[in-house]
Amino acid sequence: MSKREEVLQALFERLLALKNVDVRRNEVLPLKIPASGLVVLRDGNIGEPTILLSPPCFLYQHRAEIEVVVQQTSAADNDVQLDRILEKIGQLIMDNVTLSGLIDHMHAAPPEFIEQSVDGGLTIKGATVPIVLEYSSINTLL
């Protein structure tokens, strides 16, 4: 398994610790959002590495994305549920910023909020949270 995939899988496994929230990876958003909310980890953009020589080492600031979506009966309920899930994600990140030593550091950038009306249905509220994963690898493909 490549370092990139190992890091993303470790982050995904951390997100699975969210209680009562459906957590997925790289999946299309469903037509109906689960009542408990939905969290989708996207691989994001690994970006161009900084290269150190002798021996070669590639330093990455990989920007993955976590999408959080809720669909409750009112705007106020959407706000509360989305905030709770974002708080839980923030705590999961703070509790293990190195993914048990796999990476040098990770942190969340501020979320970008969205709201989507659904014809004949409940409004969907969501947030996209960029997660910066800092790590090194000995090869751009490993």
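Student: Why is Tyr135 called buried?

Tutor: In this predicted model, Tyr135 has a relative accessible area of 2%. Buried means under 20%, so Tyr135 is buried.

Student: What makes Tyr60 count as buried?

Tutor: Its relative accessibility is 6%, and the cut-off is under 20%, so Tyr60 counts as buried too.

Student: How many aromatic pairs does a search of the whole structure find?

Tutor: The search finds 1. The pair is formed by the rings of Tyr60 and Tyr135, whose centres are 5.7 Å apart.

Student: Why is that pair called tilted?

Tutor: The ring planes are at 35°. Stacked requires under 30 degrees and edge-to-face over 60, so the pair is tilted. Tyr60 lies in strand β4 and Tyr135 in strand β7, so the pair ties together parts 75 residues apart in sequence.

Student: Why is Arg42 called buried?

Tutor: The relative accessible area of Arg42 is 18%; the limit is under 20%, so Arg42 is buried. Arg42 is in strand β2, and its side chain makes a polar contact of 3.0 Å with that of Glu67.

Student: How do you know that the span of helix α2 agrees with its number of residues?

Tutor: At 1.5 Å a residue, the 21 residues should span 30 Å, and the end C-alpha atoms are 30 Å apart, so the two agree.

Student: Why are the buried residues of α2 said to line one face?

Tutor: Seen down the helix axis, they fall within an arc of 130°, so they line one face. Among them are Asn78, Leu82 and Ile89. On the other side, Arg84, Glu87, Met94 and Asp95 are exposed.

Technical notes:
Residues numbered from 1 in each chain as written. Predicted model: local features only at pLDDT ≥ 70, side-chain atom pairs only at ≥ 80, totals over all residues. Heavy atoms only, no water. Helix = DSSP H or I, 4+ residues; strand = E, 2+ residues; numbered from the N terminus. Expected span 1.5 Å × (residues − 1). Buried < 20%, exposed > 50% of the residue type's maximum accessible area, 1.4 Å probe, protein only. Arc of directions from axis to C-beta. Polar contact = N/O pair within 3.5 Å; in protein donor to acceptor, adjacent residues only side chain to side chain. Phe/Tyr/Trp six-rings, centres within 6.5 Å; stacked < 30°, edge-to-face > 60°.
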